[in-house]
Amino acid sequence: MHRFTITTLGCKVNQFESEALAQKLSDDGQWVILRDKGIADLCIINTCTVTQKASMQSRQAIRQAIRSYPKARIIATGCYAQTEPDEIKKIKGVHHVIGHFDKHEIPDMIITGKENILPSPVLKHKLHHFNSMPSAGLGYRTRPFLKIQDGCDAFCTYCIVPYARGPGRSLPPEQVLENINIIHQAGYHEVVLTGIHLGNYGIDLDKRKVGLLDLLNLIRKSCTIDRVRLSSIEPCELTEDIIKFVAKSGSGPGKICRHFHIPLQSGDDFILKRMHRPYSRSFFINLVEKIHKLLPDAAIGVDTLIGFPGESDEAFENTYSLIEQLPVSYLHVFPFSARKGTPAYSYAEKVNSNVIKERCQKMRTLGKLKRSVFYNKFKGKPLEILIEGKQKKSTKLLKGITSNYIPVLVKGEDKLKNTMANVTIDEVNDNNQVFGTIF
């Protein structure tokens, strides 16, 4: 029996792909993932390059694998491997650098022993179809991811992802339904639909005329899994029809979680235009208010990108005040990181790094307050949770997730893992930990 490790950096799509690779290797019967200390024969590092820090962490992860498992074959893949393969090749001890187009072939390469069949990363002109992977996460997480879309055509001026992932591609709807049913039959209650540009699902399926809303309708009609959660979706693609559909999905099999994660990036119109973001401050305000009106209990998560070139004090305050006034549930705050190869890399009017840190801290403090306000809305109210794992050793408590993305800590036995439970929210402490009671 051979042992392997997979180290994953970055987004949910990367996490899905790592789990799919692990699943395919494990299904061969000759490979088993190394979860504790021991000797590994193979190390896969699924890299990220969305920021300079992510690229640095990817290099560190590769070097760590080489040090920890000196006799293992080392494979680097993912976005950093795609965009900067020559940088990785400089690291002594790396055996293969494999790009996104060939990532799904890694298990076959390992299983067959044909180690040199895959070329160096190049985003080929034929990268126009969706590279399907097996249903992932089975046995690895309670809420499996399912990648239904890859690539991006938006080319925001700060973003390296379109250069790393290529154009938008979609998993055909019948395969989406098939994968969801496989996940449900394996005993899971929730699936998280993920993609690089999820709201653009179906853009390459124009002959079928199937978009994200059409897909959700098909899932609702054809799948019996309890919950379907959407990962990040762009503001212009979160249409009123989708919001209304989620509001009407109510209860029963195939219901869509009352949770939207929306990348705002900036609340200043000048910065949004400079970022090449196709909406305005007023558009975003109307969108969030519409969600809150139709789904007052929905979680609304927001991404902000702080310190973009040209972000004045006034521009930052426009972002801060927008979040402050809206019923946002939580924030993800990212400092701007110049990526070579993107237009913003050469933009003038750089923001001082200390100013960026101060602004990020201010936004994170606001995010903590928003989370507290949202969680406290549900004190004393009944909610349904999906219990994710066994008791945490330090607290002896289980953690469950509500449809609207509230993590709830409850007393219970380990056998409750991966089950649905009704709870009442009892307390929200100063650290935004939510405690509840199963009833």
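Analyst: In this predicted model, a polar atom of the side chain of Thr402 lies 2.8 Å from the backbone nitrogen of Ile406. For a polar contact, a pair of N or O atoms must be within 3.5 Å; within protein, one must be able to donate a hydrogen and the other to accept it, and residues adjacent in sequence count only if both atoms are side-chain atoms. Residues are numbered from 1 along each chain as its sequence is written, and side-chain values use heavy atoms, with hydrogens and water left out. Local features need pLDDT of at least 70, side-chain atom pairs count only at pLDDT 80 or more, and totals for chains, interfaces and linings use all residues.

Thr402 belongs to strand β15, residues 398–402 (strands are DSSP runs of E, at least two residues, numbered from the N terminus). The relative accessible area of Thr402 is 1%, so Thr402 counts as buried (under 20% relative accessible area, with a 1.4 Å probe and protein chains only). Leaving out residues up to four places away in sequence, Thr402 touches Arg227, Arg229, Leu383, Glu384, Ile385 and Val408 (contact means heavy atoms within 4.5 Å).

Strand β15 also takes part in a pocket. Both β15 and β16 (407–410) supply at least two residues each to the lining of the second largest pocket.

Definitions and conventions. Helix = DSSP H or I, 4+ residues; strand = E, 2+ residues; numbered from the N terminus. Buried < 20%, exposed > 50% of the residue type's maximum accessible area, 1.4 Å probe, protein only.
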